[in-house]
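Here is a briefing for a reader who is meeting this structure for the first time. Please look over the sequence and the model before going on to the points below.

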Amino acid sequence: MSALLQYVISGLALGCTFALVGSGFVVIHRVTRVVNFAQGAFPVIAGLATASLLTRGLPHGAAELVAILLGGVIGLVVGVVAIGKPGTPPLASLVITLGLAIFAYAVEIIVWGDQPVSFPGLSGTVNVAGARIQQQYFLVIVVALVTFALLELFFGRTYLGKGLAACASNPYSARLVGISVTRMGLVAFALGGVLGGLAGVLVTPLQAVSFDSDVTLAINGFAAAIFGGLMRPMMALVGGLVLGVAEALVAGYYESAFQTEVALAIMLTLMVWQASRRSALEEA
Amino acid sequence: MNRPTFGYAVAALAAAASFAVPLMLDRSQLTIFILLGTAVIVTTGLSLLMGYAGQVSLGQGSFYAVGAYTAGLMAVHGLPTLLGLAAAPVLAAALAALVGVPLLRLRGHYLAFATLAVQLILLSLVGQFEFTGGDIGLRGIPQLGVGDATLIDPLAYAYVTLAAAALVLLVTRNLIKSRPGRGLRALASTEVAAESAGVPVGRYKLAVFSLSAAYAGLAGGIYAFYLGYISPGSFPVLLSVQFVVMAVVGGLGTVWGPVVGATLITLLVQALNSLGTMPGMPAYAPDVLSYAVYALLLILVLLFMPRGLLPSIGSRLEDRRAISPTRS
Amino acid sequence: MLEVDDLVVRYGAATALDGVSLRIEQREMVALVGPNGAGKSTLLNTLSGILRPAAGRMRVEGRLAQVPEGRQLFPDLTVEDNLRLGAWRSGDRDPGRVYRLFPGLMRLRRHHAGTLSGGEQQMVAVGRALMSDPDILAVDELSLGLAPLVVADLVRHLRMLNEERGMAILLVEQNARLAFDICGRAYIIEAGRVVASGSCAELANSPEVQRAYLGGSTDEYEEYDESEESEETTR
Ligand SMILES: Nc1ncnc2c1ncn2[C@@H]1O[C@H](COP(=O)(O)OP(=O)(O)OP(=O)(O)O)[C@@H](O)[C@H]1O
Ligand SMILES: [Mg+2]
């Protein structure tokens, strides 16, 4: 029983980080129609950067904040390269983000080396119904939930958020009313970078990251995002939580080597199901 | 010189050169030559897929692996090696046809992720199974041969690779020039237009996907016999990315683009490797250099020569010829 | 108010506007009439800054807002959000002035724009354009797919905006009879060139214009077929 509770809570926490990475995919895709293959680089860079900033003596909080902002800046740079040049078709933008993901490898290895890096998060544990659970898990869950609430407010209540939604809804009309769709796309990339950076800062104390952790992070995030068809941030949260718990249970009761395969299989099934539903709608 | 004869002349020259080159190479250079040949074969298929079906596959490495394991396993179990080599592309194509039915319904961006997922799943399965040798891999794959005569000389493998590459290029060229090839070109411009012009879009996409997988499988078979040892680690995701880079850099949907792309990238990576392993360089230098080069080439070509190196230079030459007075 | 001289606009190699010149004076209502593919929407999109001209000059005094062909709302946003986004460039985001003009929209303000009827959508589209407090309103295919009564109501509003607020209006219409009825002057554009212009009364009496644009049944604009209707609901 206490083992189950432990798996569920750790799964929820992990799922929250997937959801944050996934919401970055969603925000960028909604506004620009580009699937950002460099999305996994944001959490990696933020995690690595936090670790070095902490060893340089920056206090907790400040180090994380700087790393998250760094994620935003890198998101912006990725955006500029991927969609900044007018007339770049979305498929080219996608392959460009793939190139940037590989380029990030080179930079990360030079700056941080190729060994996994971690840093301590919240150290205490909490006793929940007989299970001892690390406080960091709760921190991750709370921060993620607050972030999603803020994200919802941002898109639902603010004028800038509506402008982003307008670009997603009808780019032609967005331009007509004077919204610069490219500039909004860059805002989306920066926001995607911040969300990815936040995920990295939260996850690194739980699992060490190295330059090539981006594949796992991106795959899980993408799988979470697929729950909402890459269009709805809130569904990415649901997707992330489902994935996280499923993976934790598989790892706990069966075989931890199959953790990512669970995400991959769910992702493939969902994508194919959504595609067949879409074509069924089109045929009707 | 008009265009077709010019093309034939280049082709003949390239053929002659590639037949002569292996004779001048030492052992390690021959290995590079063989890897280059297999890369040309895989990239030709991927270029067809990207250029004509407008689909990005980040999973060509998985078909390469399927070919390698098919050939390797059959040979290890005592079946004739030539049969193994023939089965490699067939099984790879069969797998592509199988996963292609659901996956090709996905739009471009999703397919890229889906093929990546297929490769990751495949690698992890191969790493789990007993009969594939698990994570340790498959050792002692016999040499390619007929009966008692086996190829042990790398030079012989170089010519086998060359022959396979020539075959693949010939098939591709004929396909592009054929009637279905023209249908495919319609597919490349827009799917809706192709559909309304009566092109069976779904079936064509699946056919190109399977063909590209067959090419990758064939290349994987050669690779397995030449090295005699394969493991899941031989087929990382980065290998698939590398094929994408080669295809994009060379130019999509052309016959010679993949040759140019694969050659350029292979030679460049080799040069950087020797640079990176020079004394005084940090241990990570070769990796970092090759990542940076893949990335920068991919990005720069897509931004500034979106049709790829070969077509862009080709059309520039064409422009020059168009304004020169000798052209009537 | 608006001056366009020798405007050339291309889509790749295809020339859509080939030396178009046009004037609109203060408080004027001007019609732009022409067959499908003549370049009317291209002209409006160029005036709105969405397309870049290859050659020629244009000068807009004050602000120009466009009601695009087929409404082009943000279907998954609410009516109110659609209106508020119309003020992206200008300051005042309060949609009250649009609700006063179209009181019917008040009731619908929390509805998603995509769920509205064609006529209601056209009101939102006009309202969204008005939110930028334009000096010139360019309306592309006002009557497209709408019932005559709805069109008449919209026309009444346009007239009021023109007469009471002094807004200049450029009205693109396939239905020349309707356009000539509303406007004082008109330009006729074919294959990217202005082929005739002048007062609507004059043009309506010219035999060529009558044959090409005013022929057929007198209540032509009631006969929009299904295909056009369905075309503009999918964006
Ligand atoms: N995005 C585009 N790309 C290429 N060509 C275009 C594009 N939009 C319009 N055209 C072409 O430009 C020409 C003018 O089109 P435009 O839409 O301006 O005509 P229109 O007068 O508004 O026609 P309609 O009455 O059907 O709305 C047409 O030949 C059309 O095919
Ligand atoms: Mg039009």
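How many residues does the contact take from chain C and how many from chain A? It takes 22 residues from chain C and 17 residues from chain A, where contact means heavy atoms within 4.5 Å.

This is a predicted model, in which local features need pLDDT of at least 70 and side-chain atom pairs count only at pLDDT 80 or more, while totals for chains, interfaces and linings use all residues. Residues are numbered from 1 along each chain as its sequence is written, chains are lettered from A in the order in which they are written, and side-chain values use heavy atoms, with hydrogens and water left out.

**How the chains meet**

- Among the 2 pairs of chains that touch, chains A and B have the most contacts.
- Chain B and chain C are joined by no contact, and their closest C-alpha atoms lie 15 Å apart.

**The interface of chain C and chain A**

- Chain C and chain A bury about 1900 Å² between them, 60% of it on carbon and sulfur atoms; buried area is the accessible area (1.4 Å probe) that two parts lose on being put together, summed over both.
- On the side of chain C, the residues that lose the most area to chain A are C:Ile50, C:Phe74 and C:Trp88, which together make up 38% of what that side buries.
- The count between these two chains is 1 salt bridge, a term for a side-chain nitrogen of Lys or Arg within 4 Å of a carboxyl oxygen of Asp or Glu.
- The side chains of C:Asp81 and A:Lys162 meet in a salt bridge, at 2.6 Å from N to O.
- Helix 2 (residues 79-85) of chain C gives the most to the side of chain C that touches chain A, with 3 residues; helices are DSSP runs (H or I, at least four residues), numbered from the N terminus.

**Helix 2 of chain B**

- Helix 2 of chain B is mostly covered, with 20 of its 27 residues buried, that is, under 20% relative accessible area (1.4 Å probe, protein chains only).
- At the start of this helix, a side-chain oxygen of B:Asp26 reaches to within 3.2 Å of the backbone nitrogen of B:Ser28.
- After the helix comes B:Gly54, whose phi is positive, near 60°.

**B:Thr266**

- B:Thr266 lies in helix 11 (residues 257-276) of chain B, and it counts as buried because its relative accessibility is 11%.
- Apart from neighbours within four places in sequence, B:Thr266 is in contact with B:Ile32, B:Leu36 and B:Met246.

Technical notes
Buried < 20%, exposed > 50% of the residue type's maximum accessible area, 1.4 Å probe, protein only. Helix = DSSP H or I, 4+ residues; strand = E, 2+ residues; numbered from the N terminus. Polar contact = N/O pair within 3.5 Å; in protein donor to acceptor, adjacent residues only side chain to side chain.
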